[in-house]
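Let's take a friendly walk through two ligand sites. Here is the model to keep beside you as you read.

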Amino acid sequence: MNETRPDALPVLGIESSCDETAAAVLDGTGQILAEAVFTQSAEHARFGGVVPEIAARAHLQRLEGMVRGVLDRAGLTPRDLGGVAATAGPGLIGGLIVGASLGKGLAMGAGIPFLGVNHLEAHALTARMPGLFETPPAYPYLLILVSGGHCQCVAVEGLGRYRRLGTTLDDAVGEAFDKAAKLLGLPWPGGAHLERLAAGGDAGAVPLPRPLLRRPGCDFSFSGLKTAVAQAVGKGHRREDIAASFQAAVAAVLADRARNAAAMLPEATALVVAGGVAANQAVRAALAGATPLPLLAPPLRLCGDNAVMVAWAGLERLRAGQRDAMALAPRPRWPLGELAPPA
Ligand code: KG4
Ligand code: ZN
């Protein structure tokens, strides 16, 4: 048995909940020793979205070799670790089973704790990693998660203490970008392509709705916007103008929702943004100006899906004396509010 406290030892993180296969090792202070991410988008692109079976198979093919690779590069074996953290939900069940099973097997073989991490919790805690920001945000802070699969505002009140303030009533914001991009003839995933197209357009040229703007709360809705984009395409507006107008509408809605979230959590110390859509400059600018709170945007590779954030959440939970049972079952649906608060 290793004499050092498990949280002072390195932690392995595994992410496989959607279409990123990722592994990372952090040392006991949270410094990144090695990391790898493989984005499967080329394998899903011709289907215009993530195909769960293809994703599960791709994780199965790559994950074990990737884990061995990051451990090798960190100069470690599983026995040197203080724990193994794997995303256990929410996400696509096939990928979750692949990642969680590998994590459990490694932990069991090495006789170390296993942590089944909630993917949303991992996004929520990333901003606290050492070295990312001059001062990591103090609790409570706001998280606005804007990705292809998730779109929500969360009050992060402490480790294991999260309150969802609002979520999307239909599409996630990244999904809305991808659908609008498809209508504009762009390849999947289309968010970044749409942003490039928008650079040559006039954001005021095409009148588009701003769903839920100035309504109370911070829920989101994007399906009406998508329909309006389809109509604008039909009317023959310039593609660049549609892209720019769409982006402006989304940015305005996100800013409005963030403003309400800040009012719902007046003690908030910061607004943290995460998810692939955080790459969008118009969205960032709108969020930065929406509230008096500092906007903290982790570097893009830590905003999108990655295993560094999973390892970090694992480390935080180990520090709090937590571990999970080997019997923990992956959960395709796992709202943040259903996390057991730490003892
Ligand atoms: O968090 P993420 O990497 O992974 C998943 O949710 O799976 O987010 C991917 C999403 C996609 O919908 C993609 O189109 C969108 O983020 N995205 C963007 C930009 N870059 C990626 N949306 C708008 N503007 C961008 N520059
Ligand atoms: Zn994610």
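## The zinc site

His119 is buried, with a relative accessible area of 1%, where buried means under 20% relative accessible area, calculated with a 1.4 Å probe and protein chains only. His123 is buried too, at 2% relative accessibility. Both residues belong to helix 4 (residues 119–125), and because they are four residues apart, about one helical turn separates them. Helices here are DSSP runs of H or I with at least four residues, numbered from the N terminus.

The zinc ion (ligand 2) is coordinated by His119 (NE2), His123 (NE2) and Asp305 (OD), at 2.0 to 2.1 Å. Along the chain, these donors follow the spacing H-x3-H-x181-D. Donors are N, O and S atoms within 2.8 Å of the metal (3.2 Å for Na, K and Ca), and with water not among the atoms, sites may look incomplete.

## Basis of the model

This is a predicted model, in which local features need pLDDT of at least 70 and side-chain atom pairs count only at pLDDT 80 or more, while totals for chains, interfaces and linings use all residues. Residues are numbered from 1 along each chain as written, chains are lettered from A and ligands numbered from 1 in written order, and side-chain values use heavy atoms, without hydrogens and water.

## Around ligand 1

Of the 19 residues around ligand 1, Gly148, Asp178, Gly191, Glu195 and Gly276 come nearest; a residue belongs here if one of its heavy atoms lies within 4 Å. A polar side-chain atom of Glu195 lies 2.7 Å from a nitrogen atom of ligand 1.

Notes: A polar contact is a pair of N or O atoms within 3.5 Å; within protein, one must be able to donate a hydrogen and the other to accept it, and residues adjacent in sequence count only if both atoms are side-chain atoms. Helices (H or I, at least four residues) and strands (E, at least two) are DSSP runs, numbered from the N terminus. Buried means under 20% relative accessible area, exposed over 50%, partly exposed in between (1.4 Å probe, protein chains only).
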